[in-house]
Every structure is written in structure tokens, then in C-alpha cells.
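Please find below a colleague's note on the structure.

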Amino acid sequence: MVLKPALSFTRRDVLVGLLGASWAGCRRLPSSPELSGELVETTSAALAHRMRERTTLVPTRTEEVPVVILGGGIAGLAAAWWLQKSGIERFELLELGRAPGGTSASGVRDGLEFPWGAHYLPSPGDSQPELVQFLEQFGTVSRREASGALEYSETELCAAPKERVYFRGIWFEGLYPRAGASPAELEQLGRFEREVDTLIGVRGGDGRRALALPIAECSDDPKLRALDELSMAEWLDRLDFDSPRLRWLVDYACRDDFGLRPSETSAWAGLHYFAARTDAPDEDSAEFLTWPAGNGELVRRLVKAVGASRMHCEQLVLGVEPEGDGRRARVLVLDAKSNELRALIAERVIYALPSFTRRYLLSGFENSVDYHPPYAPWLVANVHLKDRPRSVGFPTAWDNVIYGSNSLGYVVATHQLHRERGPTVWTYYLPMADRSAASARAQLESLSWADASSAVVAELASCHPDFREHARRVDVLKWGHGMVRPEVGTLFGGTRQAAARPLGPVHFAHSDLSGMALFEEAFFHGTRAAKEVLGGVRL
Amino acid sequence: MTEAPVHTPPLEATAERLEPGDSGPPLNAAAVLAAVFLIATCGLIYELIAGTLASYVLGDSVTQFSTVIGVYLSAMGLGAWLSKFIGSGVVVRFVEIESAVALVGGTSAAFLFLAYSHLSFFHPLLYGTVLLIGTLVGLEIPLLMRILKDTYELKDLIARVLTVDYLGALVASLAFPMFLVPKLGLVRGALAVGILNALVAIWSTYLFARIVHRPARLVLLRVEAFFVLILLLVGMVFADELTALSEDEMYPDPIVFAETSPYQRIVFTRSGSQFQLFLSSHLQFASGDEHRYHEALVHPGASVAAGLGAPLERVLVLGGGDGLAVREILKHDSVRKVLLVDLDPVMTTLARDFPLLAELNQRSLHDPRVRVTNADAMTWLASGAEAEGRFDLIIIDFPDPNSFSLGKLYTTRFYRLVQRVLAENGALVVQATSPLIARRSYWCVVRTISASGLHVQPYHANVPSFGEWGFVLAARRPFDPPSELPDLELRFLTERTMASLFDFPRDMSEVETEVNRLNNQILVQYYGAEWSRWY
């Protein structure tokens with residue numbers, strides 16, 4: 001017998017591969033939906049991959065620019081915002097995509113906005129002064145005169161009902177399905193919450209909090225950092241947490257924030273998810289800020305504050321190297337629109353690109369650190385509906401999670417508009433958590449629009465009987481490097497912290513320097529790098 | 001193990017065949033007639049249930065009732081005609097039909113209620129169900145007569161069967177309104193009747209045992225009937241859950257009009273000279289005492305606005321699509337413009353053109369000073385309301401906050417939006433559920449309005465069909481409860497009565513609550529918990 005390599009996938013294979021084994025037994029395969037839609041690209045992948053080719057082209061122009069920011073994601077934009085606020089006039093931001101925003105991208109169609117990636121921000125407290133300052137600038141938060149306490153705008157805080165979970169055919173309020181949970185399971189949930197509460201209050205020998213934001217402010221105590229050597233699943237095992245519902249909740253959390261399964265997630269990261277957004281034990285966790293465009297709204301505000309004229313899109317950075325005596329840097333950049341190659345001589349460079357690009361772009365620097373963490377691929381779909389599908393049980397919430405699914409469910413992009421009827425957009429998230437990052441990326445890349453959209457429709461129709469009647473369009477975006485994966489040992493065991501240190505005139509800013517793809521971390525690194533630059537310029 | 005002797009029927013009789021007087025005594029005729037009686041009773045009750053249900057949910061009882069009964073009777077004729085195609089195996093067919101009637105008829109009310117609440121093509125389902133039950137019931141008596149044809153002479157047979165049949169109908173027509181509907185309701189009533197049919201099916205398998213060959217077939221029939229019986233019994237146990245899923249069952253008085261808009265179900269019921277309006281099964285007013293509610297809703301606020309120095313020329317009504325608040329507003333001669341913003345065009349059209357209501361609101365929506373805008377109040381306030389200018393008096397009369405989509409209309413965000421269109425000296429009044437039944441909910445509304453930056457005066461009035469009802473008066477500037485009332489044609493309020501409304505007895509006095517905001521919607525939780533304690 002000749003074994004044939006499995007080169008062709010059936011739709012069932014694709015469905016099972018994406019949504020999980022529970023779909024293997026589904027008898028009636030969903031037909032390809034009669035819907036319109038397309039694969040959406042925020043960045044030309046073909047253009048991005050040219051980064052790996054060392055160019056031999058000679059630049060047609062050489063320009064001197066005091067500060068160059070590479071990358072217009074949140075880190076780059078936050079750096080630009082801080083420079084602009086500090087009175088720096090002459091800087092340039094180079095972005096590969098068609099618009100700034102990185103994974104906080106968003107879209108608009110028929111007057112409705114929707115996110116393509118990050119879609120909320122936990123309301124920050126006073127431990128993140130720069131972020132609070134930015135939100136104050138746009139009226140999202142104000143300070144009460146009497147107490148000085150932060151008060152967030154009612155229209156930007158996520159409106160109730162916030163979350164619901166689809167469990168055994170019915171939607172329930174909240175994320176943890178309490179219906180039918182045994183007393184033993186509820187006891188475990190309570191014990192887990194108490195463990196997390198304890199961790200919220202824990203401080204290291206250095207007096208700093210064990211798990212907080214930004215991550216750079218967390219305690220260096222080796223006893224606490226040892227959690228990074230453990231997987232989240234092992235941590236649960238050690239404390240005898242075996243309740244299926246609790247394990248599911250943790251699994252959901254790891255996939256939601258990291259695109260990882262608990263067996264691969266650093267326990268430090270997993271616990272950070274639960275503990276870091278609360279200031280003190282027994283306090284409520286920070287409320288979420290959200291907008292129809294998701295964090296695309298924050299991108300718009302950053303762009304507005306900085307000024308679009310300083311930002312140049314569709315710019316492919318081909319190399320960064322020391323210039324002259326090494327106190328300046330030389331950036332080689334290709335304008336994809338004009339195909340013009342420029343060399344920029346900069347006093348300072350803020351390198352706000354994902355760290356995996358360092359090995360392709362940085363050359364000639366001494367003490368250069370190779371930091372190449374894994375990144376989770378994500379599939380995001382925006383489903384356009386002409387009206388609201390029916391649900392059994394708790395009414396439609398902002399975040400609608402499907403118990404036991406590989407996906408994270410969907411978020412209602414129009415939730416903050418308070419319209420209960422009429423057209424809406426659902427943003428569906430599927431982190432590719434089940435394989436190694438590279439093989440998952442290959443699987444994602446091979447996916448056609450028809451396969452991806454039929455998987456999305458199959459799953460959403462399984463929890464809304466009249467979904468197909470209302471769905472009109474499904475657009476799909478594939479994020480090859482959606483977010484950095486905090487795998488076991490990657491947070492404190494490797495080169496992560498060293499990678500954040502400047503290399504001569506080059507300063508680094510990206511959320512992956514924190515090992516976790518959080519808006520807060522990107523913002524922190526952006527403003528930190530800008531402050532380093534300002535310090536240097538004054539010198 | 002010994003095998004029972006096998007009786008081998010003649011070849012042509014492998015299908016069951018009647019063999020009367022073959023051996024042993026003939027059929028127990030009295031028992032069979034008792035079965036006829038039960039069958040007849042059940043059959044008529046299904047018809048009554050379908051007719052009542054149709055007029056409950058579709059309104060217009062005369063038309064619905066007569067069309068349902070017409071379809072049912074003709075379906076029975078169809079069944080009778082179809083019976084001639086049943087050649088052999090009459091007993092087996094009869095028992096099967098009994099089980100089918102039990103199943104379809106017994107679950108019909110539950111099925112139709114659920115279908116009504118969840119499906120858009122209700123009419124075909126209703127008439128399809130009626131047709132099916134009618135046909136099955138129409139088959140019963142002809143088959144039974146054939147079973148009995150050798151026990152009696154023809155003239156006796158017809159006389160006895162029809163007598164019992166009509167007697168059953170009489171019992172059904174008495175039991176239905178006197179026992180079944182009041183004691184069991186439609187869903188349980190239908191299930192109970194179905195259980196009776198299933199018992200007849202089981203009983204028949206014993207009754208006709210001696211005239212059927214192939215006892216194995218009988219056992220199978222018996223199992224089928226038992227299965228149906230158990231299903232219906234389970235239905236009885238869970239009937240409350242079923243009806244909770246369906247439209248609430250239902251209204252105390254006969255429905256005179258019902259219509260479903262995209263937003264709500266609008267039902268008018270009538271008893272004697274009184275009529276009531278229900279929106280999505282919640283009582284909005286009863287004509288007998290609505291004047292208490294609407295006078296209390298409008299005039300104290302008007303007095304406060306006037307006292308603060310507002311000219312009381314421009315009035316905004318949010319909700320209140322029945323036009324009754326507008327009727328009260330128009331009693332003030334100073335009023336030059338009333339803008340009514342209500343979500344539902346079906347409701348405001350009824351307020352204008354449905355005679356019963358237009359008479360009660362004194363055709364207030366026809367008044368040239370009144371303009372109607374159909375919009376979601378929150379969306380309207382957030383986008384473009386300011387173009388309408390500011391209002392001296394704002395009356396907010398929404399349904400109680402029993403869902404998130406209504407709860408948002410009681411948030412600080414909402415009251416801040418309202419303030420944008422409230423004149424400097426103006427006043428606003430909010431209906432705020434019952435401070436007696438939903439004490440925390442009421443005081444939560446008071447606290448929320450206050451947290452939005454307004455000065456408040458809470459008050460309440462007794463409206464017998466609602467009970468103690470709560471309102472909140474609010475203005476930008478501090479103010480005292482109103483004491484003066486202009487000379488209007490009022491039936492409830494006097495100056496002394498009005499002053500007394502601002503006094504809260506102990507059992508309704510202020511309690512601590514949280515503020516209702518978009519991001520907590522705490523009021524919906526309070527409200528759900530408090531009302532479920534009472535009802």
C-alpha cells in the first residue's frame with residue numbers, strides 16, 4: 001500500500017482543524033454560505049516578506065531626520081504622542097501597513113465601525129500615568145475634584161450586559177457557566193478566586209507587586225518569577241484544580257489574552273491575566289473601556305494628537321545600521337507607493353517593530369541581542385448582519401463566549417451604540433492555539449476565504465438558529481503574527497529584558513518586550529522609549 | 001420455558017379483522033359507549049382550545065373563533081370521509097388514531113403558544129394544527145361505529161353513539177369555561193385532555209383485545225399509547241416553563257384588539273365599560289383609573305415649572321405613546337407645542353385612530369400643537385434632539401425597567417442627555433415603578449436622577465389597578481414640592497391631595513441603592529428581583 005501524503009484538505013478537515021474535534025462528528029456539513037465577503041489585508045504580506053531580502057539597491061536619496069520611529073502600532077504611536085507632547089517637532093513615523101494601528105486596526109462599512117484586532121482596554125489606574133494622561137486628553141477620564149479619584153466616561157465604559165457564555169444550548173450571564181455546576185465545582189471556583197485575590201496582594205522582597213501593570217514594574221523576586229518556569233496547567237494541577245468548568249475558564253483566558261493553551265502558557269502570565277487588573281485584594285477588577293472600532297478608536301486619537309502629516313504608510317524598512325562613529329543610525333526604507341529607496345540618517349531611532357524582525361533588519365551593532373519569541377496566529381472575522389439573530393437564554397452581551405469552542409466567540413461591535421435593532425457587526429476571534437506557532441501559521445496561510453467563512457458561519461449558526469437568515473457578509477483577516485506568546489520560560493528565562501535596552505542610538509519599543517500583547521504594555525514601551533530619546537537629546 | 005400455543009389465523013385474516021361473537025362474550029357495549037363519550041368530550045375541547053388560543057394571541061375573537069371552528073368542523077368531515085379508506089385492521093387504526101389525537105391535541109396549546117412567540121408564520125401553523133386534529137377526531141366516531149356494527153342493529157347503533165357523542169359535547173362545553181380554563185389554563189388543559197385520550201387508547205387495547213388477532217401488535221399499540229401518556233404527563237409537570245416561554249397566559253379579560261409591532265405586542269382587553277392596554281403583557285393603564293396616574297404624572301411637574309418661572313409653552317413627552325399624558329398637558333392653556341417621542345409608530349397610530357383609545361385621550365394627538373416623532377428616545381436625544389430647542393416641561397413615561405434595553409433609559413447617561421434639552425427653569429417628571437413593590441428600584445431611579453446633577457422631589461400616587469405608584473420630579477435648581485394647582489378640569493388632584501403625594505409612609509421610604517449606569521444596569525437587577533418576589 002502506498003501512503004499518499006495528505007495534500008488536499010476537505011472542508012470537514014478544515015472545520016475540525018479550526019473549530020476542534022467536536023465538529024468531526026457533525027453529520028451535515030455546513031455548505032459554503034451564500035454570503036459575500038473577502039480576505040482583508042491591513043498590510044501587504046508580499047511586501048512585508050521582502051524585509052527578509054537583503055537589498056543591494058542604492059538609495060536614491062539620503063535625508064537627515066532627528067528622530068525616526070519605525071512602526072505605527074500602539075508602541076510607535078505612543079512614542080510619537082509623547083515626543084509631540086514634549087515639544088519635539090521633527091520626527092517621522094514609518095509604517096508598513098496602509099494605515100497606522102498595528103493589531104489595533106479597525107474598519108468601517110455601511111456606516112458601522114468594527115475592530116479587526118484588539119478591541120478593549122481595561123481602565124488604567126494611577127500606576128500607568130502616561131496612559132491616564134492620554135485618556136484625559138480625550139475626555140475618557142477625569143479626576144474628581146474632591147477625592148482625586150479617576151472617573152471614567154459612562155459612554156466609553158463597556159455597557160452592561162458585558163459577558164455571556166453559550167453552554168449546553170443556552171446562553172448564561174457571565175463567563176463561568178454556573179448552571180448545573182456541582183457544589184464541588186463551585187467550591188473550586190471560589191478557591192481559585194481566593195488564590196488570585198491572594199496573588200493580587202503579594203509583594204516581592206523588593207516591595208513591588210508580584211503581578212501588576214506595566215510588567216516592568218513587577219517584583220524581581222526570584223521566588224515569584226519561578227512561576228514562569230511552570231505552565232498554567234501545572235500550576236492548576238499542583239493546587240488540585242480539576243473542575244472541568246474552571247479548567248475551561250482558564251483555557252479560555254489563556255487563549256483570549258495570549259493565543260495559547262494553558263499547557264504552554266507561563267503560569268506567571270496566566271495568573272497575571274487574572275490578577276493584574278485589580279489594585280488590591282477584594283477590589284473589583286478594572287472595568288473595560290471599549291468603542292465600536294475597538295482600540296481603533298485609540299489609534300484614531302493618537303493619530304489625531306500626533307498629526308497625520310508626520311506618519312508615512314506603506315514604508316518598508318529594509319535595514320538599520322550604525323552610521324559613522326555609531327552615535328547616529330542609518331535607516332534604509334522603501335516607499336512601496338513610489339518604489340523609491342531612501343536612506344535616513346537619524347540621531348535617534350525608536351524601533352517599534354515586532355522583535356522577530358530584528359534579525360532581518362539590525363546589523364552592525366555591538367551587543368545586539370537576538371530576541372525571537374513565538375507569535376500566535378489569529379483569525380478574525382467581521383460578520384455583517386442585517387438584524388439581530390435570536391438567542392435562547394440571556395440576551396446578547398458585548399462579549400459572547402462559546403463554551404468548549406476553539407474560538408473565543410464574538411464581540412458585538414455596535415454594543416456601545418445602544419441600538420437593540422437593525423444592522424450590526426459581530427467580530428469573531430479564533431486564536432490558533434493548538435499547534436506550534438509556525439505550523440499554525442502555515443495552516444492559517446493556506447486557508448481560503450470560503451473555508452474560513454464557512455467555519456465562522458457554522459459555529460455562529462450552531463448557537464443562533466436564525467443566524468443564516470440575518471448574516472449578509474463575512475470578511476476575514478489573517479494575522480500571521482497576531483500576538484507574542486508567553487510560553488513557559490519565555491518571560492524571565494531568555495533575552496526578553498535585555499532586548500529592551502538601547503543599542504547606541506536605537507531604542508526599542510514593542511509590547512513583545514513585555515512578553516504579552518497588551519495595549520498597556522505597548523503604550524508603556526512607546527512612552528518609555530520616547531523618554532529615553534528625550535533624555536539623550538537633552539544630553 | 002414453555003411456549004404459549006400459537007393461534008394461527010386463517011390466511012386472509014393476517015391483517016386484524018373483526019370477528020364478533022366468535023368465542024366468549026361479545027364486546028362490553030357500555031364500556032365502548034363510555035369511550036365514545038370521552039372521545040367526544042375531548043374532541044370538542046380541542047376545538048374550543050384552538051379557537052380560544054387564536055383569539056387570545058391574534059385578537060378579534062369573533063373572527064378567529066369562527067374561522068377556527070369552521071376549519072375544525074370541515075376537517076372532521078374530511079376525517080369521516082377518509083375513514084372509508086381504512087379497510088381492515090379497524091381496531092388497530094382506531095387505537096393508533098387515539099394515540100395520535102392524544103399527542104397532537106394534548107400538545108397543541110403548548111405548541112401553538114411557543115410557535116406564536118418564536119415563529120413568524122403563525123397562521124399556517126395554527127390552521128394546520130386545527131386541520132390535523134379535526135381530521136383525526138373526525139376519524140374516531142366512524143371507526144368506532146364500525147367496531148360496534150355487529151353488536152347493535154343499525155338504528156340502535158346510530159342512536160346510542162350519537163346520543164353519547166352529543167352528551168360528550170355538552171359536558172365539554174360546560175367543563176371548558178367552568179373548570180378547564182380557570183383551573184388548568186389552556187396549556188395544561190390541553191395536556192389533561194390529551195392524557196384522557198391516551199388513557200382511552202390504552203383502555204381500548206384491553207377492551208378490544210378479544211377481537212384482535214396478533215396480540216403482539218396490541219402490545220406494541222399499548223406501548224405507543226403509554227409513551228404518549230408519559231410524554232403528556234411530563235408536559236404537565238413542565239407546563240409552567242412552557243408557558244413562561246410562550247406569551248404569558250395571559251389576560252384577565254377578553255381581548256378586543258391585538259397587534260404585534262416590531263417592538264412590542266399591543267393588546268386591548270375589555271370588561272364591561274372598562275378597557276385596559278397591555279404592552280408585551282404589562283398593564284399600561286386601565287380606563288377606570290388612568291386619570292389618577294396621568295394627572296399625577298403631568299400636573300405636579302407643570303406646577304413646579306411654572307413656579308420656577310418657566311412659561312410652560314414647550315413640553316416634551318418621552319414614551320407615553322397612548323396620548324393620555326398629552327391629554328393632560330393640553331389642559332394647560334399656555335402650552336404652545338408638545339413633542340411626543342415614542343419608539344413605536346403602531347402605538348402612536350392607535351392612539352390617534354383606534355376609537356376606544358382616541359376617545360379616552362380626547363383625540364390629543366390630533367391637536368395641532370402636538371407633533372409625534374417615532375424614535376428610540378436615547379438615540380434621538382444623543383443625535384439631533386438639541387435642534388428642537390429646550391423644553392419647559394419634560395414628561396418621561398417609559399415602561400418599567402424590566403430589560404437592558406429599557407434599563408438604559410433610566411441611567412445617569414440618559415438623564416444627562418435629557419438635561420441638554422431641559423430649559424433653565426424647566427422641570428422634568430419620570431415614572432419610576434412602584435415604591436411599595438419595588439422599593440429599591442424606585443429609590444434607585446431617584447438616586448440616579450440626583451446623581452446626574454438634578455435636584456429631585458420624589459412622590460407617589462395610588463392608582464388602584466397598579467397599586468402605589470412612584471414618580472420623580474426634578475429640576476436644575478432646588479425647589480419645593482408644588483403647592484399650587486391652576487383651575488383645570490381634574491378628577492383626582494386637588495392642591496391638598498397633591499401636597500400629600502410627597503409624603504412617604506414607612507414602608508416606602510428611602511433605602512440605600514447604587515446609581516444606575518450604562519456599565520452596571522443595576523436597576524434591571526433590582527427590578528427583576530423585587531417584582532419576582534411579588535408575582
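1. The model under review is predicted. Its largest nonpolar core comprises 73 residues. Those with the most contacts inside this core are B:Y46, B:F94, B:L144, B:I147, B:V161 and B:F208. At least two core residues come from each of α1 (29-58), α2 (61-82), α3 (90-118), α4 (122-148), α5 (154-207) and α6 (215-237) of chain B. The greatest contribution, 17 residues, is made by α5(B).

2. Within chain B, the contacts of B:L144 deserve a note. Apart from neighbours within four places in sequence, B:L144 is in contact with B:V32, B:V36, B:I39, B:F94 and B:F208. A second, separate core has 63 residues, including A:C158, A:L213, A:L249 and A:L408.

3. Helix α8 of chain A covers residues 244-258. From first C-alpha to last, this 15-residue helix reaches 20 Å, close to the expected 21 Å. Because 13 of its 15 residues are buried, α8(A) is largely enclosed by the rest of the structure. A:G259, which follows α8(A), has a positive phi near 65 degrees.

4. Strand β9 of chain A (residues 163-167) is mostly covered, with four of its five residues buried. Four bridges join β9(A) to β17(A) (residues 399-402) in a parallel arrangement, and A:Y166 stands opposite A:I402 there.

5. Four bridges also link β9(A) to β10(A) (residues 170-173), and these two strands run antiparallel. Here the bridge partner of A:Y166 is A:W171.

Definitions and conventions: Residues are numbered from 1 along each chain as its sequence is written. Chains are lettered from A and ligands numbered from 1 in the order in which they are written. This is a predicted model: local features need pLDDT of at least 70, side-chain atom pairs count only at pLDDT 80 or more; totals for chains, interfaces and linings use all residues. Side-chain values use heavy atoms; hydrogens and water are left out. A nonpolar core is a set of buried Ala, Val, Leu, Ile, Met, Phe, Trp, Tyr and Cys residues joined through side-chain atoms within 4.5 Å. Buried means under 20% relative accessible area, exposed over 50%, partly exposed in between (1.4 Å probe, protein chains only). Contact means heavy atoms within 4.5 Å. The expected span of a helix is 1.5 Å times one less than its number of residues. Two strands pair if DSSP finds at least two bridges between them.
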